[in-house]
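These notebook entries record what I looked up in the structure shown below.

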Amino acid sequence: MSTLYPYKGYFPLVDPNTFLAPGARVIGDVTLAEGVSIWYNVVVRGDVNHIAIGKWSNIQDNTTVHADSGRSGLNARSGIPTIIGDNVTVGHNCILHACTIEDCCLIGMGAVILDGAYIGRGSVIGAGALVLKGTVIPPSPWWWALPPRSSRRWTRAVWPSVWTTPSITTIWPWKTRRLWGCDAPALSA
């Protein structure tokens, strides 16, 4: 069963058309927009700053999403939130910490994106990549390796594969909900 937890007066704001898989945990100051899917054993922990996940984005199994308080342990809201745009796919086992990911990005399995990193619109971060603190990745290149480096620019031939991934991972949860008998909105505030 997925669970929503309040934290210090903040309760997750979850659109009724959001899918939360069993085992997902959404905590504190978190906003999940329409069509977001949060998969098995994902933790989205908005305990020290805000986390926002945009429309039709999906966060896949075992990923951790957290933010930064600005002052370790003091819960001061002067740190860095985590902002994930619309139509973003985050692969399995990623760590997203106090970063910004613009619309239409693909974050490969096992990638780690650290504090203050900014991922430009349409970027692909390769599986296993480590995006260091404060890194700014411009829109649309492929980035691979540890730490990431640009490997090629987008072409028209690449775009259909990026747009297909979010549609597959946003359609599947709704089919799955029907199989589980969950046609009604998954959550109530």
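**Entry 1: strand pairing.** I took two strands as paired if DSSP finds at least two bridges between them. Strands (E, at least two residues) and helices (H or I, at least four residues) are DSSP runs, numbered from the N terminus. The model is predicted, so I noted that local features need pLDDT of at least 70, that side-chain atom pairs count only at pLDDT 80 or more, and that totals for chains, interfaces and linings use all residues. Residues are numbered from 1 along each chain as its sequence is written, and side-chain values use heavy atoms, with hydrogens and water left out.

I looked up the partners of strand β6. With strand β9 (residues 82-84), β6 pairs in the parallel sense over three bridges, and Ile51 stands opposite Thr82 in β9. With strand β8 (residues 64-66), β6 also forms three bridges in the parallel sense; here Val44 stands opposite Val65. Strand β4 (residues 25-32) runs parallel to β6 and is joined to it by seven bridges, with Leu32 opposite Ile53.

**Entry 2: burial.** I used buried for under 20% relative accessible area, exposed for over 50% and partly exposed in between (1.4 Å probe, protein chains only). Eight of the eleven residues of β6 (residues 43-53) are buried, so this strand is largely enclosed by the rest of the structure. For the whole protein chain of 189 residues, I noted 46% as buried. The chain holds one helix and 20 strands.

**Entry 3: His97.** I found His97 in strand β11 (residues 95-97). His97 counts as buried because its relative accessibility is 19%. A polar atom of its side chain lies 3.2 Å from the backbone oxygen of Ala67. Taking contact as heavy atoms within 4.5 Å, and leaving aside neighbours within four places in sequence, I listed His66, Ala67, Asp68, Thr82, Ile113, Leu114 and Asp115 as in contact with His97.

**Entry 4: cysteines.** Which cysteine sulfur is closest to that of Cys105? It is the sulfur of Cys104, at 7.4 Å, which is too far for a bond. I counted a disulfide as a pair of cysteine sulfur atoms within 2.5 Å, and the count came to zero. Cys105 is buried, with a relative accessible area of 2%, and Cys99 is buried at 1%.

Notes: Polar contact = N/O pair within 3.5 Å; in protein donor to acceptor, adjacent residues only side chain to side chain.
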